[in-house]
Amino acid sequence: MRAFFILVTLICLAESQHQALMDYLERRLLAIEDRISIWHEQTNRYATELREFKQQIVAQIETLEKDKETLKTDLDSMGTRVDRVEREMDYLETQNGAQPCVDVDDKLVEQQVTVVKEKNKAKYAKATDCSDMISSIKAMKILKRVGGPKGMWTKDAGSGSGKVYVFNGTEDDTIYEFGSIRDFTTSQGTSMAKTVKLPSPWRGSGHTIYNNHAYYLKQGKELRLIKYDLRNGSVVDSAVFPIRDHVPVYSLTPETVIDLATDEEGLWAIYATKETEKQISLAKMDANTLDIEQMWDTPCPRENAEAAFIICGTVYVVYNTAMPSRSRVQCVFDVSDMVTNDDAPLVYFPKRYSSHSSLNYNPLEQLIYAWDDGYQILYKLAMKKKLEHF
């Protein structure tokens with residue numbers, strides 16, 4: 001009997017433990033179900049919030065796209081208005097003769113001068129007693145816009161005829177001749193001009209007019225300089241320019257291989273070769289025979305150069321600068337050794353559009369005729385004597 005009671009006791013104890021285990025498992029399952037329910041609620045809430053956030057972002061993107069289109073339209077309209085104002089200002093300058101002031105930087109920038117290798121050791125024999133150099137640019141005047149981005153315009157640098165000549169572009173066989181500067185400014189385009197048909201096309205923008213003759217470059221297998229009489233319409237003389245392996249004289253105007261220039265001394269040629277590829281060279285020429293009288297290698301680099309001009313035997317090379325709408329004379333070479341880079345004044349050109357494709361000095365007026373992105377500009381110079389800086 002005692003064994004029976006022990007067995008019954010063990011069975012009751014086992015049933016009690018089983019019931020306790022079942023109760024525990026049931027409580028755990030209920031807790032897990034509660035957590036799963038909470039997770040589902042949170043997931044649904046997060047999904048709802050995410051959808052609402054997505055809708056807000058899409059709405060904002062659509063608003064930004066509309067604002068972008070509106071801003072683009074406003075900017076286009078503003079650009080058109082600025083162009084119109086610039087054209088009106090240029091027109092008013094032409095009509096009223098306004099000459100804007102030129103700001104000159106007070107700080108001088110040191111320039112490293114390379115050693116000049118002279119091609120001709122003989123001292124240059126000056127044709128005149130001219131000893132002027134630039135002191136500053138007093139004013140500029142934009143006359144009009146006619147032609148393409150690159151070209152050349154000038155007056156006759158050797159006579160007082162008053163005629164104006166236009167070489168439009170960098171390759172053509174037609175020159176436009178205006179009777180006066182007034183005819184040029186009042187003409188609609190080239191309507192008032194006489195067209196001069198040359199026997200061969202010119203190349204680049206390095207031409208010049210001197211004593212009723214056009215001097216220009218005919219480029220083929222060889223570089224041939226042409227002297228053309230504008231009065232009777234005939235070629236007076238031509239000569240092969242005696243350089244080999246030529247390169248463009250200015251890096252920013254690669255179409256110009258030889259830049260012909262005139263000053264008080266006569267006719268000059270500015271050029272460059274592969275032998276002195278990084279620097280610009282200079283030659284004095286006989287305007288009557290086209291013979292080369294003397295040659296020099298200058299320290300002036302070709303890199304970033306726009307154009308150059310010559311005054312009293314001194315070549316001034318103009319370079320593009322990092323400042324908006326400005327270029328400046330950064331290298332000066334005087335064949336008489338009276339002026340060096342350190343002595344030369346800091347001269348800024350207040351160009352307004354692109355880079356100068358040509359700069360032509362007129363010694364009779366002491367003006368520079370410039371071509372800037374199709375605009376014809378006059379720069380009025382202030383001069384001083386070369387010896388004043390000593």
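A residue counts as buried when its relative accessible area is under 20%, as exposed when that area is over 50%, and as partly exposed in between. The legends below use these words for close-up views of a predicted model.

**View 1. A nonpolar patch on the surface includes Leu25.** The patch is formed by Leu21, Met22, Tyr24 and Leu25, which together have about 380 Å² of accessible area. Leu25 is found in helix H1, and because its relative accessibility is 40%, which falls between the two limits, Leu25 counts as partly exposed.

**View 2. Cys130 and Cys312 are joined in a disulfide.** The sulfur atoms of Cys130 and Cys312 are 1.5 Å apart in the model. The bond links distant parts of the chain, since the two cysteines are 182 residues apart. Cys130 is in the loop between helix H1 (2–96) and strand E1 (132–145), whereas Cys312 is in the loop between strand E14 (305–311) and strand E15 (314–320). Are these two cysteines buried or exposed? Cys130 has a relative accessibility of 11% and therefore counts as buried, and Cys312, at 0%, counts as buried as well.

**View 3. A left-handed disulfide joins Cys300 and Cys331.** In this pair the sulfur atoms lie 2.2 Å apart, and because the torsion about the S-S bond is about -85°, the disulfide is described as left-handed. Cys300 lies in strand E13 (residues 292–301) and Cys331 in strand E16 (residues 327–334), so the bond ties together parts of the chain that are 31 residues apart in sequence. Both Cys300 and Cys331 are buried. How many disulfides does the count come to? The count comes to two disulfides, and when the bonded cysteines of the protein chain are numbered in sequence order, the pairing reads 1-3, 2-4.

**View 4. Four strands make up an open sheet with antiparallel pairing.** The order of the strands in this sheet is E10-E11-E12-E13. Which strands stand at the edges of the sheet? Strand E10 (259–263) and strand E13 stand there, each with a single partner strand, so one side of each is left without a neighbour in the sheet. Neighbouring strands are turned against each other by 25° on average, when direction is ignored.

**View 5. Strands E10 and E11 pair within the open sheet, and Ile292 belongs to strand E13.** Strand E10 and strand E11 (residues 266–271) pair in the antiparallel sense over five bridges, and Leu260 has Ala269, in E11, as its bridge partner. Ile292 has its place in strand E13, and because its relative accessibility is 25%, Ile292 counts as partly exposed. Although Ile292 and Leu267 are 25 residues apart in sequence, their C-alpha atoms are 9.8 Å apart in space.

**View 6. A salt bridge between Glu365 and Lys155 links distant parts of the chain.** The side chains of these two residues meet at 2.8 Å, taken from N to O. Glu365 is in the loop between strand E18 (356–362) and strand E19 (367–372), while Lys155 is in strand E2 (residues 151–155), and the two residues are 210 residues apart. With a relative accessible area of 31%, Glu365 is partly exposed, whereas Lys155, with a relative accessible area of 14%, is buried.

**View 7. Glu177 forms a salt bridge with Lys163.** The closest N and O atoms of this pair are 3.7 Å apart. At 8% relative accessibility, Glu177 counts as buried, whereas Lys163, at 32%, counts as partly exposed.

View 8. The closest N and O atoms of Asp229 and Arg231 are 3.4 Å apart.

Definitions and conventions
Residues numbered from 1 in each chain as written. Predicted model: local features only at pLDDT ≥ 70, side-chain atom pairs only at ≥ 80, totals over all residues. Heavy atoms only, no water. Disulfide = S-S within 2.5 Å. Buried < 20%, exposed > 50% of the residue type's maximum accessible area, 1.4 Å probe, protein only. Patch = residues over 30% accessible without salt bridge, like charges linked within 9 Å, V, L, I, M, F, W, Y side chains within 5 Å. Areas by Shrake-Rupley, 256 points an atom, 1.4 Å probe, with all protein chains shown as cover. Salt bridge = Lys/Arg side-chain N within 4 Å of Asp/Glu carboxyl O. Pairing = 2+ DSSP bridges. Axes fitted to C-alpha atoms, helices over the stretch in contact; angles between N-to-C directions.
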